[in-house]
Amino acid sequence: MLLTKLHIPQPKENVVHRSALFEKLNEGLNRKLILVSAPAGYGKTTLVVDWIYSKKLKSVWYSLDESDNIFSSFLSYLITGLQTIDKSIGETIQPLLKTAVNLSAEKITGILVNDLIQSKKMFVLVFDDFHYIHQKEIIQFINYFIRFLPDNLHIAIITRSDPSIQLSKLRSKQQLIELRIDDLSFSAKDTNEFFYRTHNISLKEEDADFLQTKTEGWISGIHLAGISIKGQDNVSTFIQNLKGNSRYIMDYLLDEVLSVQDKHVKDFLLKTSVLQRLCPDLCDHILCTTNSHEIVELLETNNMFIIPLDNERKWYRYHHLFSDLLRKRLIQSSSINIPELHTLASEWLINNDLVDEAIHHLLLAKNYEKAAELISQEMFKIWDDGNHYKFSPWLNSLPENILSQTPQLIILKAELAMTRWQIQDAEELLNSAETILNDIENDKITPLISLSTSSKNYRGRILVNYALIASYHEKPKDIIRYVEEALEILSTDQLIWRNLAKMILSDAYFIIGKLPEAQKGQVETNKSYQIAQNPFLYLMSGANLAVTLRQQGKLNEVLELCENLIKDAEDKKLSNTTVVGWLQTIKAEVLAEFNNIDEAEKIAIKGVATAENFKIFGVVLKCRLLLIRIYFSKGKYSEINQILQLIKDETVGFGVTGHIKSQIDSWRARMSISQNNYTEMEQWMSEYEDREGIIFDYINENKNIAESRVYMALGRFNEAEEILSNLETEAETNNRINALIEILLLKAQLKYQTGESELAKKLLYKAFSYAEPGGYIRTFIDEGSVIGELAKNLRRDKNSGFINTNVAVSQEYINQLCSAFSAENKKEEQLETGLSTRELEILKLIAKDYSNQQIADESFISLNTVKTHLKNINLKLEVDSRIKAVEKAKTLGIL
């Protein structure tokens with residue numbers, strides 16, 4: 001992270017203080033957004049900086065560039081900046097997020113807005129150079145963020161072009177202050193003051209008028225004119241001789257500026273324009289000089305468009321427009337070797353451990369071989385922090401002839417494809433890498449970059465990737481074969497890949513539903529990664545272990561494991577990684593099972609946001625499915641439908657694993673049942689009844705359970721019972737406790753509905769016996785009133801003798817479940833007043849004396865929507881005021 005991007009520029013000593021514009025900016029503190037929009041060179045940044053310092057405003061400054069078009073990176077910088085105001089802001093989702101969906105953008109906004117409200121600290125958030133941002137996910141997030149912005153934060157956007165946000169809506173609601181060219185352009189008076197303050201030159205009134213007219217108040221043009229005039233004997237003559245439009249004048253004035261500079265300064269300006277940021281030592285290296293520090297000081301003293309990026313004045317950049325003009329002039333120069341400048345820059349950056357920037361310059365120098373060598377060295381760090389995606393733009397910049405001679409980079413490209421579940425592409429790339437390795441071994445080609453380890457180890461890495469692909473296709477025999485072959489040829493020092501192979505081997509047992517065997521392998525792999533000090537894969541293997549434990553009903557172990565791993569991630573500064581999001585969501589789902597669903601929802605939303613950091617697609621899908629389960633317990637069906645639609649949209653063009661598809665399909669079915677949508681149920685069933693037969697394996701378990709649910713809803717009890725009996729045997733044999741409890745609950749409901757109440761109670765009691773060690777609560781409640789009624793009956797006649805006493809279930813646990821059902825029934829009784837879940841939430845906020853605006857902020861809805869809900873609440877409770885609504889709700893027991 002370049003912290004200089006979060007450094008607010010220092011105010012210029014001789015700046016023209018523009019009091020009229022300050023007044024407009026001050027008015028922006030009563031609005032949501034301040035937009036300062038004009039082409040380059042109109043003093044946008046200078047104005048806002050001067051205003052912030054003059055007003056002594058608390059602020060967060062974020063200087064944007066093209067590299068910020070990665071959502072994860074954008075959010076990481078944003079949250080780091082916000083934490084300079086209050087460390088608690090965004091601490092749970094501090095991501096290099098890459099979210100591309102409405103739901104995720106909205107949820108991330110909710111988390112940040114809640115943190116900001118709780119902070120209560122007043123400040124301004126400035127996005128400088130916002131015109132660089134074109135990534136739709138970021139634009140979408142900004143729209144949400146502005147929409148729900150709390151009163152203690154104001155946003156200022158500085159840009160060369162209007163951003164794609166809802167400016168018209170903000171204007172209509174008087175939530176926007178705009179400063180544009182007409183506001184920013186210098187008047188003749190401003191021009192004269194600027195010349196006097198900056199260049200100690202007093203212009204004649206007619207000269208100031210003429211210069212203002214010719215430049216159209218373009219501040220950079222006026223500034224360059226001031227620098228040029230310093231070398232002129234007759235100021236008036238020079239000004240009156242300016243001709244052409246503003247762009248022509250800018251080019252002309254740059255020529256004038258460069259012509260009056262010392263040869264060394266001119267050379268410095270042109271050659272260092274290739275740098276995104278510069279420091280004297282770096283400049284010395286590319287110029288082969290030792291006086292860059294003095295030149296930088298001179299440029300800063302003379303206001304030569306150079307901007308410090310930190311308080312220590314170590315790093316600088318040129319004003320973007322000035323830099324563009326310099327680079328244009330550099331390209332026109334035939335005597336300067338531009339690729340060599342980039343190469344020299346990369347040398348210094350490599351020696352100073354700034355490898356990412358070095359690769360950038362090597363690619364610009366078209367020194368592809370050296371860039372490929374650096375990338376191939378960096379590829380071994382791919383599993384250090386899970387940040388796969390920084391490699392993609394580099395690989396895409398390399399020409400095909402370089403890749404075709406570099407098998408290690410083709411392997412890397414295949415691994416990146418797999419994180420996006422582009423499995424066919426990955427297979428083709430791995431096949432290509434194998435072919436090239438064969439040619440190298442047979443001396444048919446010479447590798448462009450020497451292999452850093454033996455070709456056998458690269459073959460081993462390819463085999464591990466084939467095992468990953470086999471895991472995706474859920475082919476356990478292929479997994480075992482590839483893993484065995486990989487372990488046979490990988491040398492003992494290849495710990496990461498040997499351990500990864502063993503981790504994938506556990507997938508084979510997981511796929512066939514042999515959870516104890518999978519757990520054993522996962523525990524061993526997790527310990528190996530801990531010993532090898534590979535924190536990211538240690539966390540990933542731990543998350544896989546948590547999933548296996550969860551399916552075995554070991555909820556307390558899962559919770560403890562997740563909390564320990566999340567803490568380890570914090571210690572290793574990996575809290576913003578995809579795997580931590582997964583761990584958070586797994587933890588949240590366990591909390592939901594313990595019936596702590598409000599806390600679970602908060603953690604799960606944060607977890608999904610964090611999981612999307614580097615878009616490891618399979619992990620993101622798993623997190624979303626866990627969030628669906630929590631939403632189901634809360635009755636948030638619209639949110640579930642949104643996620644299901646999102647998953648459908650994002651998986652167009654490629655498939656998902658059978659196990660995940662089974663979960664998706666099961667939720668589709670369960671939603672149809674919950675909403676009594678018989679048309680969808682019949683449609684869902686028609687997709688599966690054409691099959692030759694039901695496969696009772698772990699991959700299809702969720703789908704088969706869902707099928708039994710649909711049969712029951714349609715009154716086809718015999719078909720449902722047949723499926724459930726087969727599922728029960730399979731789940732019990734392989735210790736799949738989570739599924740077994742659900743199966744027993746469905747069988748209990750089926751027997752109850754077919755008049756076999758005593759057998760239903762026995763089945764429920766058996767479910768209790770499996771559920772009590774883990775502390776299951778919510779699974780029972782979500783099944784509804786039949787299970788609740790049976791639970792009451794069991795509590796009443798537990799000692800009647802019909803229950804198999806060899807299976808012990810404590811009275812305390814049964815009481816706990818019955819109490820949970822009673823609490824749930826009370827909620828349902830409250831809903832009988834006709835109040836919706838949202839109206840009940842708003843009623844609770846009214847009881848806390850929240851204003852309408854506070855309710856809107858808390859609930860992430862508009863003020864008009866709040867007013868509509870209030871009208872409905874009063875109508876349904878037959879009252880005519882907020883106070884009476886609360887009193888009536890208390891009388892009815894709703895509050």
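Modeller: One point first: this is a predicted model. The second largest cavity has a lining made up of Phe-380, Thr-453, Asn-457, Tyr-458, Arg-461, Leu-490, Gln-494 and Trp-497.

Colleague: Which helix gives the largest share of that lining?

Modeller: Helix α25, residues 455–472, contributes the largest share, with 3 residues.

Colleague: And how does the lining divide by class?

Modeller: There are 4 nonpolar, 3 polar and 1 charged residues around the second largest cavity.

Colleague: How much space lies in it, the second largest cavity?

Modeller: The second largest cavity holds about 50 Å³.

Colleague: How many cavities of 30 Å³ or more are there?

Modeller: The count is 3.

Colleague: Let us change topic to helix packing. At what angle do α27 and α29 cross?

Modeller: Helix α27 (residues 495–511) and helix α29 (residues 535–551) cross at roughly 15°, and their axes come within 11 Å. An angle under 35 degrees counts as roughly parallel, so α27 is roughly parallel to α29. The crossing of α27 past α29 is left-handed.

Colleague: Which residues meet there?

Modeller: From α27, Ile-496, Leu-500, Met-503 and Phe-510 are in contact with Leu-537, Met-540, Ser-541, Asn-544, Val-547 and Thr-548 of α29. This contact of α27 with α29 comprises 7 nonpolar and 3 polar residues, with no charged ones.

Colleague: What about α8 and α9, how far apart are their axes?

Modeller: The axes of helix α8 (residues 188–199) and helix α9 (residues 205–215) are 8 Å apart, and the packing angle is about 110°. The range for roughly perpendicular is 65 to 115 degrees, so α8 is roughly perpendicular to α9. On the α8 side, Ala-188, Thr-191, Asn-192 and Phe-195 meet Ala-208, Asp-209, Leu-211 and Gln-212 of α9. By class, the contact of α8 with α9 has 4 nonpolar, 3 polar and 1 charged residues.

Colleague: One last pair. Are α37 and α38 roughly parallel or roughly antiparallel?

Modeller: Helix α37 (residues 701–713) and helix α38 (residues 717–733) cross at roughly 155°, with axes that come within 8 Å. They are therefore roughly antiparallel, and their crossing is left-handed.

Colleague: Which residues make the contact?

Modeller: In α37 they are Glu-701, Asn-704, Ile-705, Glu-707, Ser-708, Tyr-711 and Met-712, and in α38 they are Phe-717, Glu-719, Ala-720, Ile-723, Leu-724, Leu-727 and Ala-731. The contact of α37 with α38 divides into 9 nonpolar, 2 polar and 3 charged residues.

Methods: Residues are numbered from 1 along each chain as its sequence is written. This is a predicted model: local features need pLDDT of at least 70, side-chain atom pairs count only at pLDDT 80 or more; totals for chains, interfaces and linings use all residues. Side-chain values use heavy atoms; hydrogens and water are left out. On a 1 Å grid over the protein atoms alone, a cavity is a set of points where a 1.4 Å probe fits but cannot get out, and a pocket is an open set with protein on both sides within 12 Å along at least five of seven lines; lining residues have an atom within 4 Å of a point. Grid points are joined across faces, edges and corners, and a volume is the space filled by probe spheres set on the points. Helices (H or I, at least four residues) and strands (E, at least two) are DSSP runs, numbered from the N terminus. Ala, Val, Leu, Ile, Met, Phe, Trp, Tyr, Cys and Pro count as nonpolar, Asp, Glu, Lys and Arg as charged, and the others, Gly among them, as polar. Axes are lines fitted to C-alpha atoms, for helices over the stretch in contact, and angles run from 0 to 180 degrees between N-to-C directions. Angles under 35 degrees count as roughly parallel, over 145 as roughly antiparallel, 65 to 115 as roughly perpendicular and the rest as oblique. A crossing is left-handed if the near helix is turned anticlockwise from the far one by less than a right angle, and right-handed if clockwise. Contact means heavy atoms within 4.5 Å.
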